[in-house]
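Open the model in your viewer and keep the selection tool at hand. This tour moves from ring pairs to charges over rings and then to salt bridges.

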Amino acid sequence: MAFKRNVYLDRLKAREKNGLIKIITGSRRAGKSYLLNEIFYSYLRDKGIRENQIIKFAFDSDEYLDFLDSYFPEESSRILQKNGTYLVNAKKFRAFIKDKTSDEADFYLLLDEVQLLENFVGTLNSLLRHSNFDVYVTGSNSKFLSSDIVTEFKGRGSEVHILPLSFSEYCEGLKLKPEEAWKSYIVTGGIPLVALMKTDEERFSYLKNLCEETYLKDIIEHNRIRKQSELAETFDIIASMIGSLVNSLKLANTFKTLTKKDITDCTITTFIDYFEDAFLISKAKKFNIKEKKYISSPFKIYFEDIGVRNARLNFRQIEESHIMENILYNELRYRGFLVDVGEVHVNEKTEKRDVNGKNIYAQKQLEVDFVASSGSQKFYIQSVLNMDSSEKEMQEKKSLYNIDDSFKKFVITKNNLNSSTDEKGIVTINLFDFLMGDGLSVSNKLG
């Protein structure tokens, strides 16, 4: 059983031979290596690229490293580091590339776990001097995966960020109907390996172990963190607050209340940055729609994989409304949108009156769950698990009614309602219709 990941394949195809290093980023187990070495490799072979023109190398593979030992036998292919890890000898790797390529043909270089290569930035940039090389790489440590990775390559990199399986990829790969798939997807998420496991017991155990033994250990080792229990506890607190407006001070106060330990808001901010750098979470900024400006605090935090989030809470807090909001946030990013949290200010009449007997008005903030932007496209979206009364409908649409621009506005609900448009142009659409639609653009489905 295989997951096609066509959206990401299309993004790699669009960048083919663009003169830049194609950098596939994402959390561990999101499917980066499979995308590069199986899906993209098959695409190249199907379009007629000869096998000897595709140079694969996995820097975490003993098979490849043992082969490297044949170049300059007097030197080891592994350069041991103080922390017990190793880097791959760059001199030997360059010799390998020179031996496998020539100036007479085009070559595709598919390089996996490239952060294990000695001086990987300099070595990769040097490969771009060969006009007949098209370079694609993946990597998995937080330095390599940081948000400023393109800066690391001095404008010579083009990033393709891969998320765990979207809901439509999950349904299609497992051949499940949306209603059936939703029950498992909102619990154990979309990590491909987890999706293929047969039992919940196996999925739960794997996800909890992945968090402890891979994700947190990576962050601790890379950033040399001493407050390891505080890091883990912060991760748990964040997991319990998805979809809620927070700031670092609020999180620090929550931390003190729950753990009876002191922690500063600066430390919380640092930990959040570490989680973002490892692509475990994503932070959605607040955007004032009328004034068209960002507000640095508060913000919302969403998990890149909902199964990882649930594992941190021992699968005890499966709140469908918050999880649906997290899934929609990831879906919009999967479709290529930048996603913010919207804020609308309105003046509402109060029961109080001034000295002349006139009603006093008070300013009130209304929230728009998502402001999704891509180039000239923009959409306003509300996530509503159930909209089963006219009062609830009015409450959920109120913020959208108070936006006076011409961009389209949507309410996405799991009520099994047919798609409809009200008299003010707001579209209501069924959750599964939305999630199973075209993965490239909201406008392809809703426009």
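Rings of Phe, Tyr and Trp (its six-membered ring) count as a pair if their centres lie within 6.5 Å; planes under 30 degrees apart are called stacked, over 60 edge-to-face, and the rest tilted. The model is predicted, so local features need pLDDT of at least 70 and side-chain atom pairs count only at pLDDT 80 or more, while totals for chains, interfaces and linings use all residues. Residues are numbered from 1 along each chain as its sequence is written, and side-chain values use heavy atoms, with hydrogens and water left out.

**Stop one: aromatic rings**

Select F57, F59, Y64, F67, Y71, F93 and F96. Ring pairs link F57, F59, Y64, F67, Y71, F93 and F96 into a cluster.

By the ring rule, the count is 28 aromatic pairs. One of them is F40 with Y43, a tilted pair with 5.6 Å from centre to centre and 35° between the planes. F40 and Y43 are three residues apart in helix α2 (residues 32-46), so about one helical turn separates them. Helices (H or I, at least four residues) and strands (E, at least two) are DSSP runs, numbered from the N terminus. Are F40 and Y43 buried or exposed? Both F40 and Y43 are buried, where buried means under 20% relative accessible area, exposed over 50%, and partly exposed in between (1.4 Å probe, protein chains only).

Next, select F107 and F133. Their ring centres are 6.3 Å apart and their planes are at 90°, which means that the pair is edge-to-face. This pair links distant parts of the chain: F107 is in strand β5 (residues 107-112) and F133 in strand β6 (residues 133-138), 26 residues apart. F107 is buried, at 6% relative accessible area, and F133 also counts as buried, at 9%.

**Stop two: charges over rings**

Here a charge sits over a ring if NZ of Lys or CZ of Arg is within 6 Å of the ring centre and within 35 degrees of the ring normal. Select K22 and Y136: the charged end of K22 sits over the ring of Y136, 4.8 Å from its centre. Then select K424 and Y401, where the charged end of K424 sits over the Y401 ring, 4.4 Å from the ring centre.

**Stop three: salt bridges**

A salt bridge is a side-chain nitrogen of Lys or Arg within 4 Å of a carboxyl oxygen of Asp or Glu. How many salt bridges are there by this rule? The count is 26 salt bridges.

Select D218 and R28, a salt bridge whose closest N and O atoms are 2.4 Å apart. D218 lies in helix α10 (residues 200-223) and R28 in the loop between β1 (21-25) and α2, so distant parts of the chain, 190 residues apart, are linked. D218 is partly exposed at 25% relative accessible area, and R28 is partly exposed at 23%.

Stay in helix α10 and select R203 and D200, which are three residues apart there, about one turn of the helix. Their salt bridge has its closest N and O atoms 2.7 Å apart. R203 is buried at 12% relative accessible area, whereas D200 counts as partly exposed at 42%.

Now select K414 and E320, a salt bridge with 3.2 Å between the closest N and O atoms. K414 is in the loop between β13 (408-413) and β14 (420-421) and E320 in helix α15 (residues 320-334), so the pair ties together parts 94 residues apart in sequence.

Finally, select D62, D66 and R78, which are linked in a network of salt bridges.
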